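Keep the structure open as you read.

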Amino acid sequence: MVSINVTFEQAERLGWTYGLPANLTGVIGQYWSGQEKEALQAYVAFCFNSDHVPNMFNMALYASTAVIVMIAFLANHSQLLVPSSLRHSHRRLGRWCERHVLLASTVPSGAALEPIPLAGKSKWTSVQVPTRIHTVVVTAYVVANLAVLFGFYWILASSIFYTEDTKLHLHQYLRHFSDRAGILSFGSTPLVVLLAARNSPISYITGASFATLQIYHRWVARVTFLTAFLHGVGYAAMVIYDGRAVKKALTKTYWLWGYTAIFGGLVLCVGSLRRLRELSYEVFLFLHIFGSLLWVVGCWWHVWLLRKKHLYLFYVYLAVGAWASDRIVRRLRSYWVGWSRREEGFNTYGTLIGDGTTYFRLKITAPPSWTLKTLGPGSYIFITLPKPQEITQSHPFTVAWAEHTSGGKHAKNSEDSSDVDQEDQDALDLTPLVRRSGSRDESGSPLVFDLVCKACDGFTRQIIDSIEPGDGTPFDVLIEGPYGSASDFRGFDTILLVAGGTGIAGTIAHIAHLTRHHPSSRVLNMKIVWAIRRVDAVELLLPYLVKISQITQHNPKFTIDLQIHYTRAQFVANYGSSPPSSTPITEIRHRLLSLPPHYQHKVTSGRPNVRHHLEELIDELSENVKHAVAVSACGPAPLCDASREAVRSLLAEMDPDSDLDLEYSEELFTW
């Protein structure tokens with residue numbers, strides 16, 4: 001219990017976070033004439049509990065977010081801000097942080113990207129538990145919310161606002177708990193939107209990947225819905241506690257809008273289940289849009305009808321403003337780069353290469369403002385088909401390869417599919433690869449980039465169904481991006497690139513980048529570990545290895561070692577490491593014969609042991625020489641988890657004073 005002694009002059013000077021009316025003296029005099037002093041103390045205590053504490057938490061949440069963003073910015077640019085001598089002297093501390101904080105998983109299994117089932121082995125109850133550094137931030141956010149919900153109350157021994165006789169003061173606690181839960185939910189809503197935005201300033205400032213921001217987006221969204229749910233349950237319990245009829249309370253319009261918003265939050269949470277996102281992105285998208293509309297509209301009307309609580313519309317306007325700004329920027333970027341006044345239509349158009357049965361590639365002509373530097377490793381774009389039924393859907397693709405090429409939009413209309421295949425296999429002149437001017441070189445050749453795709457149900461299937469695969473006919477597309485922060489490995493002498501399936505696009509991007517900058521690159525050893533489940537996936541990588549052969553074959557110090565792991569479960573279970581003479585393994589080996597002879601390659605069955613590959617690579621390095629090794633993983637979550645854990649465990653076993661620099665990065669895109 002607390003005792004408050006506040007004068008009217010002091011109360012009028014309290015900040016906006018208390019939500020006190022401007023004419024406080026008149027309000028109290030009108031309703032509590034003769035009890036002004038008791039009413040003032042009760043009013044201040046009420047506003048402190050229900051308004052001031054949660055509002056201050058929301059302001060602290062925004063300030064903490066800004067601080068974390070600035071710390072991430074400084075950490076991301078530490079190589080520019082911290083002298084190399086200082087970094088070298090604190091190498092032990094840096095490696096300790098990498099092993100135990102940055103790369104370490106929170107759970108013993110080592111999983112940080114692969115979801116962990118909460119009930120049995122059901123994928124429907126799985127959640128992602130991130131690495132320790134992200135877990136610490138998420139846990140701090142959750143604990144802070146719980147502290148505000150259950151602590152820091154000014155409960156009066158006697159309040160004229162409440163008439164209960166119990167010494168437990170349940171009515172006061174229940175009312176203020178419910179109010180705090182609602183305000184906390186409102187305060188987190190703008191942050192939920194900001195973390196999901198593609199053009200979020202958080203991403204631009206910190207360089208954080210979309211996958212990283214999605215971790216925070218999901219956990220903040222879960223807490224936001226939980227606090228809203230507690231707000232609704234608390235008020236329902238309060239009605240029951242007061243003995244009032246629930247049915248009568250539900251006839252109040254602002255109650256109905258409040259529960260509409262809570263229902264919208266439930267739709268968002270159920271529609272965002274990872275298993276549902278994996279099975280059908282289209283269903284996930286519809287439920288996300290529908291639930292978001294219910295949430296925002298319900299929150300707005302719920303507060304608007306309360307009249308005296310219009311202050312909390314500020315949070316709704318922040319969320320709507322963040323969403324609208326992102327949408328406007330996205331649409332402007334898409335139409336600005338894609339629209340052309342020429343009769344040919346759009347500046348951006350694509351051509352499908354392949355038969356479209358399982359794997360295929362899209363060759364996209366970039367907008368005039370894009371450069372080769374724009375499309376570095378780690379870049380991804382969103383593609384929209386400019387059709388009425390598809391204009392609301394955009395899907396992400398990693399940019400695999402970029403180069404200048406000849407020809408315009410209709411240059412290939414007269415070519416047959418064999419011409420396309422021949423162009424795909426020929427080793428191109430690498431001179432355009434080192435140009436860094438605009439999207440057109442000196443001869444007017446446009447900049448084109450390749451996307452590696454797998455034909456699945458949904459958007460990729462719609463692309464295939466809308467055109468005739470293999471005929472080279474261009475089709476209009478709207479491009480949004482590029483997004484992502486580039487990983488530059490030119491300063492490393494040895495690179496291990498781990499990929500799974502179409503994650504080979506990330507590997508191809510690194511190959512293209514290093515090839516463009518081969519005169520200034522230190523890279524001498526490149527090992528590619530690729531896990532595939534289908535034989536025809538090999539054709540995704542081979543054309544690009546052929547393209548760079550002009551550089552690799554004339555540089556005897558530069559080596560590429562390709563390790564392909566065929567992981568189809570039935571084949572591995574039947575044959576293990578001793579397959580018969582005629583199998584998918586032999587077919588893959590036969591296709592690799594088209595590679596130049598100076599390439600090293602090996603095909604095995606079973607999942608790759610990333611730790612073993614990394615140890616082999618390091619063992620081959622010469623002693624008494626400082627080496628820098630980079631490991632990059634792009635593929636399914638289990639493969640990225642295994643790669644990160646391999647690097648972390650190796651760092652733990654390294655001599656703290658070793659001159660070997662080992663760096664890890666991963667490129668994973670998740671909805």
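## Sheets and helices

Strand β3 (residues 349–353) pairs with β8 in the antiparallel sense, over two bridges. Within this pair, Tyr-349 stands opposite Asp-476 of β8. Bear in mind that this is a predicted model.

What is the strand order of the open sheet with antiparallel pairing? Seven strands make up this sheet, in the order β8-β3-β4-β7-β6-β5-β9. Its edge strands are β8 (475–476) and β9 (478–483), and each of them pairs on one side only. Helix α18 (residues 504–516) lies across β6 (395–404) and β7 (447–454). Its direction runs at about 25° to β6.

Now turn to the parallel sheet. Six strands form this open sheet, in the order β13-β12-β11-β10-β14-β15, and the pairing is parallel. β13 (600–605) and β15 (661–666) stand at the edges with a single partner strand each, so one side of each has no neighbour in the sheet. From one strand to the next, the twist averages 15°.

Strand β14 (residues 628–634) pairs with β15 in the parallel sense, over six bridges. Ala-630 has Glu-663 in β15 as its bridge partner. Helix α24 (residues 637–653) packs on the sheet and touches β10 (494–500), β14 and β15. The direction of α24 makes about 165° with that of β15. Another helix, α22 (residues 584–591), lies across β11 (525–532), β12 (559–566) and β13. Helix α22 runs at about 165° to β13.

| Helix | Strands touched | Angle |
|---|---|---|
| α24 (residues 637–653) | β10, β14, β15 | about 165° to β15 |

Helices also pack on helices. Two packed helices are described by the angle between their axes and the distance between the axes. Helix α2 (residues 24–31) and helix α3 (residues 36–76) pack at an angle of about 120°, with axes 10 Å apart. The two helices, α2 and α3, are therefore oblique to each other. Is the crossing of α2 and α3 left-handed or right-handed? The crossing is right-handed.

Which residues meet here? Leu-24, Val-27, Ile-28 and Gly-29 of α2 meet Glu-36, Ala-39, Leu-40 and Tyr-43 of α3. By class, this contact of α2 with α3 has six nonpolar residues, one polar and one charged.

Definitions and conventions:
Residues numbered from 1 in each chain as written. Predicted model: local features only at pLDDT ≥ 70, side-chain atom pairs only at ≥ 80, totals over all residues. Heavy atoms only, no water. Axes fitted to C-alpha atoms, helices over the stretch in contact; angles between N-to-C directions. Helix = DSSP H or I, 4+ residues; strand = E, 2+ residues; numbered from the N terminus. Parallel < 35°, antiparallel > 145°, perpendicular 65-115°, else oblique. Left-handed = near helix turned anticlockwise from the far one by under 90°. Contact = heavy atoms within 4.5 Å. Nonpolar A, V, L, I, M, F, W, Y, C, P; charged D, E, K, R; others polar. Pairing = 2+ DSSP bridges.
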